Amino acid sequence: MPAPQPPAPESPETAPRTKGRPRSAAADRAILDATRAALAELGWGGLTMGHVATRAGVAKTTLYRRWPSKNELVVDAVASLFDELVMPDLGSLQADIEAVVAQFAGLLARPESQAALLALFAEGTRDRQLRRRIREAIVDPQKRLVRQGRAAAQARGELAPDGDEATAREEVDIIFDTIAGTVEHRVLVSGEPITPEWTRRFTGLLLGTFPVPPAG
């Protein structure tokens, strides 16, 4: 009786197909980097998916499989900038806020960040759906920094525990809007530097440690 033969290797035609190729983190980074660079150079109106694909060295079909539209691609390219922001635990709420403000200011000081944010926000004023995507993908996720800072300060006894959930959520929104709005206005609108002294004074005013002089 002949010995059983090992199964023949599967040819590409007979091999079972997988459900699409896995995404490459390196390719994603290249695409998002290329998007911000193209946006800074060409502006929102000049940016096309073809420009991004060429800069990133990928096929346009690869780009569209990952991001079906320019809106989604640009929002994700800008959102990825904020992934590097972290809330440290430096032992005091004042120090923690100063560190985050310094990180945020450094991020906004980059030319590509400025160009991308200004273009995205300007387009968002004309496109309600894009504005919603900006809020969901960029603004709301960064509120984690406020929640983390509050939790650390509460654990240290610097802040009272949260009351009801709705009030805590509103306070987080106000704190985030105050910090992000002030820093963005100073860097992107006024064009003024964010110095350590400015950061210390701003944080002190935010926490109520610097008395406001009486009017007149």
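## Stop one: a buried leucine

Start by selecting Leu117, which sits in helix H6 (helices are DSSP runs of H or I with at least four residues, strands are E runs with at least two, and both are numbered from the N terminus). You're looking at a predicted model, so local features need pLDDT of at least 70 and side-chain atom pairs count only at pLDDT 80 or more, while totals for chains, interfaces and linings use all residues. Residues are numbered from 1 along each chain as its sequence is written, and side-chain values use heavy atoms, with hydrogens and water left out.

Is Leu117 buried or exposed? At 1% relative accessibility, Leu117 counts as buried (buried is under 20% relative accessible area, exposed is over 50%, partly exposed is in between, with a 1.4 Å probe and protein chains only). Now show its surroundings: leaving aside neighbours within four places in sequence, Leu117 is in contact with Val78, Phe82, Leu108 and Leu188 (contact means heavy atoms within 4.5 Å). Draw a distance from Leu117 to Val78: the C-alpha atoms are 7.0 Å apart, although 39 residues separate the two along the chain.

Val78 leads you to H4, where Leu73, Val74, Val75, Ala77, Val78 and Ala79 are buried. What lies over them? The cover of these buried H4 residues includes helix H1 (25-46), H2, helix H3 (60-66), helix H6 (111-124) and H7.

Next, select Leu120. Beyond its neighbours within four places in sequence, Leu120 is in contact with Trp44, Val74, Val75, Val78, Leu130, Ile134 and Ile138.

## Stop three: the aromatic pairs

How many aromatic pairs does a search of the whole structure find? It turns up two. (Rings of Phe, Tyr and Trp, the last by its six-membered ring, pair if their centres lie within 6.5 Å; planes under 30 degrees apart count as stacked, over 60 as edge-to-face and the rest as tilted.)

Pick Phe82 and Phe104 to begin with. Their ring centres are 6.1 Å apart and their planes are at 50°, so this pair is tilted. Phe82 is in the loop between helix H4 (70-79) and H5, and Phe104 is in helix H5, so the pair ties together parts that are 22 residues apart in sequence. Both Phe82 and Phe104 are buried.

Then hop to Trp198 and Phe202. Here the ring centres are 5.1 Å apart with planes at 15°, so the pair is stacked. Trp198 and Phe202 both belong to helix H10, four residues apart, about one turn of the helix. Trp198 and Phe202 are buried too.

## Stop four: the largest pocket

The elements that give two or more residues are helix H5 (93-108), helix H7 (128-142), helix H8 (144-156), helix H9 (165-190) and helix H10 (196-207). H9 supplies the largest share of the lining, nine residues. Colour by class and you'll get 21 nonpolar, five polar and five charged residues (Ala, Val, Leu, Ile, Met, Phe, Trp, Tyr, Cys and Pro count as nonpolar, Asp, Glu, Lys and Arg as charged, and the others, Gly among them, as polar).

## Last stop: helix H2, then zoom out

Select His51 in helix H2. His51 is partly exposed, at 33% relative accessible area, and apart from neighbours within four places in sequence it is in contact with Leu42 and Gly46.

Finally, zoom out: the protein has 10 helices and zero strands, and 34% of its 216 residues count as buried.
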